[in-house]
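The sequence and structure are shown first.

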Amino acid sequence: MNAPRALVGEDGLLAEAGWTLRDCALVTGRNLRHFVRQPQLLLFSTIQPVMFILLFSFVFGGAIGATLPPGVDYVDFLLPGIFIQSSAFRASQTAVGLAEDLQRGVVDRMRSMPMSRAAVLVGRTTADLVRSLFVVALMIAVGYLVGFRFTEGVLAAAGAVVVVLLFGFGLSWIFTLVGLVTDSAEAAQSAGFVAIFPLVFASSVFVPIETMPSWLEGFAGVSPVTAAVDSARALSLGGEVSDPLLLFLGWLAGLLAVFVPLSVWRYRRMS
Amino acid sequence: MDAAIQVEGVVKRFGPTRALDGLDLVAAEGRVLGLLGPNGAGKTTIVRVLATLLEPDEGRASVLGLDVVSQARAVRREIGLAGQFAAVDELLTGRENLRLFAGLFRMGGREARGRVDELLERFDLLDAADRPAKTYSGGMRRRLDLASSLLTSPRILFLDEPTTGLDPRSRNQIWAVVRELVEEGTTVLLTTQYLEEADHLAHRVAVVDQGRVIAEGTGDELKDQVGGAMVHVRLSDAGERDAAVVALGRLGCAGAQPGDVGTDLIVPAPHDGVGMVAEAAAALREAGVGVSDLGLRRPTLDDVFLELTGQKTDEPASPPEGEEEPEAAAGAPA
């Protein structure tokens with residue numbers, strides 16, 4: 001393993017990278033099949049965000065709308081927040097899926113095979129990313145029914161969706177590590193809930209952070225959730241994009257730089 | 001030549017428990033080595049070490065001369081793993097399971113399709129090939145699991161309690177496949193709690209208890225360690241037991257074994273062979289002892305196990321004197 005390896009050739013690094021990608025694609029495909037074979041789970045993971053859209057826009061719309069800048073409808077303000085909120089809540093599903101695989105012995109078989117050490121993890125987070133895309137598309141459709149509109153053009157709208165997906169992808173690597181460490185679907189889910197709930201509410205998901213007490217506003221202002229929401233919101237409705245986007249990309253890079261290697265390391269050392 | 005499997009002084013701790021406590025093992029290529037022991041003896045743990053799933057804390061282990069830690073990747077190309085916790089994907093069909101693993105074994109499309117069909121047929125799964133594996137019976141799952149481990153025709157196959165919990169018919173199917181594989185030259189390491197299974201399949205048997213091999217040899221050699229044949233007498237009348245013991249004693253049969261009760265009398269025979277039965281029958285008739293059944297019985301591996309560990313095989317092991325606490329977790333790190 002430690003000998004220097006050629007870049008090209010049958011056993012070269014390029015060929016190895018190709019095999020690694022293929023392994024990741026195979027595991028991703030397998031996980032996507034799981035989603036399709038369990039339509040009830042897919043249904044529940046889409047009902048919840050749709051419910052949030054409807055509840056928040058109709059229940060809180062009147063009260064919160066008053067605190068918004070003039071001309072901004074609460075449903076327009078809310079939707080990018082709900083995209084991020086539902087991504088955050090869904091991220092713990094990564095840990096659940098991984099923990100279930102660990103318990104069932106499928107991962108044991110894969111670890112005894114000469115395949116990429118990263119494929120089980122990348123396949124899981126990538127499949128969850130594809131599922132997120134599906135859920136976000138559905139939420140946009142529901143949003144359009146209750147009056148939400150992207151105002152900044154197709155490219156900016158696509159950018160907003162990419163921010164939402166990347167946010168979920170970054171979080172799902174935290175939950176990859178959680179799933180590997182806890183080894184139990186239930187524990188992973190409750191751990192996720194405890195960590196995610198306060199983060200989501202102490203952010204600009206549902207309300208402008210200027211309405212919070214100053215100590216909380218300080219926290220919410222640097223939170224990755226706020227950075228992601230403000231980026232997605234600016235790309236959806238207009239406004240200052242670069243500051244929140246830079247903060248968000250910084251958070252994302254940091255999360256991935258820490259949790260991808262930690263997860264792979266943990267996976268290799270698992271017993 | 002390197003042994004197919006070589007384990008030297010492997011120690012594996014889980015917290016305070018020593019699941020493997022200096023285990024040594026050698027398996028010859030092309031043979032079946034049976035690892036026999038009760039739950040928690042460390043059988044699964046050593047299989048996980050050899051399958052590169054678990055790094056040993058001390059000692060070294062190699063497969064076909066490849067170190068399981070430093071050359072883990074090369075080891076993975078040579079091995080197949082199947083076991084009691086059938087690692088099948090329940091939401092995928094049988095065919096999809098095999099195709100997935102074939103792809104991950106990096107087989108090409110056409111090669112993979114051909115091999116998958118071949119294995120489905122060989123394991124009698126063709127009819128169920130396109131049904132999700134969650135609809136399979138226990139035996140079918142175990143066969144699919146075994147098929148998944150054979151996609152690349154590995155030279156070394158680890159079978160971790162492959163028939164635990166299976167009905168006799170499914171068990172026989174698995175046994176038949178294992179025999180075929182050995183004929184084709186595969187080396188098999190088989191763990192089992194069933195003495196019958198070790199007796200049937202294994203060329204050599206290592207008895208494992210508390211993370212160590214406590215005896216090793218062919219089934220016959222192990223039985224000889226316990227002693228030779230036993231005369232087995234069923235008396236017509238339990239009251240004639242003493243007279244029977246005296247009569248058999250004159251032939252050189254030592255005293256009755258503890259644990260004999262009622263009409264069943266089991267005594268060690270001084271020599272093997274049919275002559276022994278005739279002699280015993282004559283002696284008992286002369287003494288006027290009524291006999292309803294008389295036979296000569298080789299000790300079973302059950303007797304071996306009882307003798308070596310002081311335990312019945314289906315009871316959890318408790319430590320002999322001077323040992324540390326019993327290991328409860330050893331068999332189940334999965």
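## A bent helix in chain A

Helix α2 of chain A, spanning residues 39–65, bends by about 45° at A:V59. The bend at a residue is the angle between axes fitted to the seven residues ending there and the seven starting there. Helices (H or I, at least four residues) and strands (E, at least two) are DSSP runs, numbered from the N terminus.

The buried residues of α2(A) include A:P49, A:F52, A:I53, A:F56 and A:G61. Buried denotes under 20% relative accessible area, exposed over 50%, and partly exposed the range in between (1.4 Å probe, protein chains only). The buried residues of this helix pack against α3 (74–104) and α5 (119–145) of chain A, where contact means heavy atoms within 4.5 Å.

## Basis of the model

The model is predicted: local features need pLDDT of at least 70 and side-chain atom pairs count only at pLDDT 80 or more, whereas totals for chains, interfaces and linings use all residues. Residues are numbered from 1 along each chain as its sequence is written, chains are lettered from A and ligands numbered from 1 in the order in which they are written, and side-chain values use heavy atoms, with hydrogens and water left out.

Over all chains, a search of the whole structure finds 32 salt bridges. A salt bridge is a side-chain nitrogen of Lys or Arg within 4 Å of a carboxyl oxygen of Asp or Glu.

One of them joins B:R60 to B:E8, with the closest N and O atoms 3.8 Å apart. B:R60 lies in strand β4 (residues 58–63) and B:E8 in strand β1 (residues 5–14) of chain B, so the pair ties together parts 52 residues apart in sequence. B:R60 is partly exposed at 37% relative accessible area, and B:E8 is partly exposed at 34%.

B:D57 forms a salt bridge with B:R13, the closest N and O atoms being 3.8 Å apart. This pair links distant parts of the chain, 44 residues apart: B:D57 is in the loop between α1 (43–50) and β4 of chain B, and B:R13 is in strand β1.

## A pair within a helix, and a network

The side chains of B:R115 and B:E118 meet in a salt bridge of 2.8 Å, N to O. Because these residues are three apart in helix α4 (residues 109–122) of chain B, about one helical turn separates B:R115 and B:E118. B:R115 counts as buried at 13% relative accessibility, whereas B:E118 is partly exposed at 46%.

A network of salt bridges links A:R30, A:D101, A:R124, A:D128, A:R131 and B:D89.
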